[in-house]
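The sequence and structure come first.

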Amino acid sequence: MYNVAQVIDEKCVAKKGCRLCIMYCPEANCLDLNSTKMVAEVTIDRCKGCELCVVVCNAAKHEAIEMQAVSATGQLMSHKGESAGLGQAYQG
């Protein structure tokens with residue numbers, strides 16, 4: 001199990017010109033602008049879970065990116081504490 005970044009579309013202000021997460025992401029082609037929705041978008045297969053995008057987004061007071069757990073099979077885990085079922089420690 002590992003974590004990847006997920007952009008909350010409703011909070012993302014890329015349509016207003018913000019590109020901080022895209023600029024600061026150290027992994028090429030991981031965070032890009034979805035020009036149709038005008039929000040930042042994460043390519044899950046490329047995200048290394050470094051959380052740098054979360055840091056810069058939160059520093060700008062947008063708080064539009066969260067880290068989300070990914071199971072060993074590569075699926076996003078949507079329920080809080082779901083990782084506990086995989087033998088991981090639950091921190092509630």
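The chain has two helices and four strands, where helices (H or I, at least four residues) and strands (E, at least two) are DSSP runs numbered from the N terminus. Their order along the sequence is β-α-β-β-α-β. This is a predicted model, in which local features need pLDDT of at least 70 and side-chain atom pairs count only at pLDDT 80 or more, while totals for chains, interfaces and linings use all residues. Residues are numbered from 1 along each chain as its sequence is written, and side-chain values use heavy atoms, with hydrogens and water left out.

Of the 92 residues in the chain, 29% are buried (under 20% relative accessible area; exposed is over 50%, partly exposed in between; 1.4 Å probe, protein chains only). The accessible surface is about 6,000 Å², and carbon and sulfur atoms hold 48% of that surface; the areas come from the Shrake-Rupley method with a 1.4 Å probe. Among contacts (heavy atoms within 4.5 Å) with a separation of 6 or more, 55% are between residues 24 or more positions apart.

Val7 lies in strand 1. The C-alpha atoms of Val7 and Ala64 are separated by 5.7 Å, although the two are 57 residues apart along the chain.

Strand 2 and strand 3 pair in the antiparallel sense over four bridges; pairing requires at least two DSSP bridges. The two strands form a hairpin with four residues between them, and Met38 in the turn has a positive phi of about 55°. Leu33 stands opposite Ala40 in strand 3. Asn34 belongs to strand 2 (residues 31–34). The side chains of Asn34 and Glu41 are joined by a polar contact of 2.9 Å (a pair of N or O atoms within 3.5 Å, one able to donate a hydrogen and the other to accept it; residues adjacent in sequence count only if both atoms are side-chain atoms).

| Residue | Relative accessible area | Contacts |
|---|---|---|
| Val7 | 17% | Cys12, Leu31, Ala40, Glu41, Val42, Ala64, Ile65 |
| Asn34 | 15% | Val39, Glu41 |
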